[in-house]
Amino acid sequence: AAVRFRAALETTPPSPPTLNHLAIALASQGRLGEAIPLWERALAIDPGFADARRNLETARQALGGRTGR
């Protein structure tokens with residue numbers, strides 16, 4: 001799934017839903033450090049994107065409040 005979402009980001013302007021889905025795919029592989037910046041990017045584009053905000057908060061809690069960078 002991550003490969004498919006990365007390909008979509010390479011061919012179209014980044015959209016918050018695509019960034020969110022890629023981040024979910026990475027997080028499901030235990031790659032929170034890569035997922036968190038994608039959720040942050042989605043929220044920079046659309047600050048009202050509740051799914052991305054919720055996923056970001058959950059990931060940060062899983063990392064003990066760290067940003068993942």
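**Entry 1: two helices side by side**

Are α2 and α3 roughly parallel or roughly antiparallel to each other? Before answering, I noted that I am working with a predicted model. I then looked up the axes of α2 and α3, which come within 8 Å and cross at roughly 165°. Angles over 145 degrees count as roughly antiparallel. α2 and α3 are therefore roughly antiparallel to each other. I also checked the hand, and α2 passes α3 in a left-handed crossing.

Next I listed who meets whom. On the α2 side I found P16, L19, N20, L22, A23, I24, L26 and A27. Their partners in α3 are L32, E34, A35, L38, W39, R41, A42 and I45.

**Entry 2: the core**

I turned to the largest nonpolar core, which has 16 residues. Within this core, I36, L38, W39 and A52 touch the most other members. I asked which helices supply it, and α2, α3 and α4 each give at least two residues. The helix that gives the most is α3, with seven residues.

**Entry 3: N20**

N20 is found in helix α2, which covers residues 16–28. Leaving out residues up to four places away in sequence, I see N20 touching W39, F49, D51, A52 and N55. W39 and A52 are both among the core residues that touch the most other members.

**Entry 4: salt bridges**

How many salt bridges does a search of the whole structure find? The search gives three, and I went through them in turn.

- R31 and E34 meet through their side chains at 2.8 Å, N to O. R31 is partly exposed at 30% relative accessibility, and E34 is partly exposed at 36%.
- R60 and E40 pair at 2.5 Å, N to O. R60 lies in helix α4 (residues 50–62) and E40 in helix α3 (residues 32–45), so this pair ties together parts that are 20 residues apart in sequence. I get 29% relative accessibility for R60, which counts as partly exposed, while E40 is buried at 17%.
- D51 and R54 have their closest N and O atoms 2.3 Å apart. Both lie in helix α4, three residues apart, about one turn of the helix. D51 is partly exposed, with a relative accessible area of 37%, and R54 is partly exposed too, at 47%.

**Entry 5: R53**

My last stop was R53, which is found in helix α4. R53 counts as partly exposed, at 36% relative accessibility. Which residues is R53 in contact with, leaving aside its neighbours within four places in sequence? I found L43 and P47. I also looked at R53 against E40: they are 13 residues apart in sequence and 8.1 Å apart in space, C-alpha to C-alpha. For E40, my salt-bridge note names R60 as the partner.

Technical notes:
Residues numbered from 1 in each chain as written. Predicted model: local features only at pLDDT ≥ 70, side-chain atom pairs only at ≥ 80, totals over all residues. Heavy atoms only, no water. Salt bridge = Lys/Arg side-chain N within 4 Å of Asp/Glu carboxyl O. Buried < 20%, exposed > 50% of the residue type's maximum accessible area, 1.4 Å probe, protein only. Helix = DSSP H or I, 4+ residues; strand = E, 2+ residues; numbered from the N terminus. Contact = heavy atoms within 4.5 Å. Core = buried A, V, L, I, M, F, W, Y, C linked by side-chain atoms within 4.5 Å. Axes fitted to C-alpha atoms, helices over the stretch in contact; angles between N-to-C directions. Parallel < 35°, antiparallel > 145°, perpendicular 65-115°, else oblique. Left-handed = near helix turned anticlockwise from the far one by under 90°.
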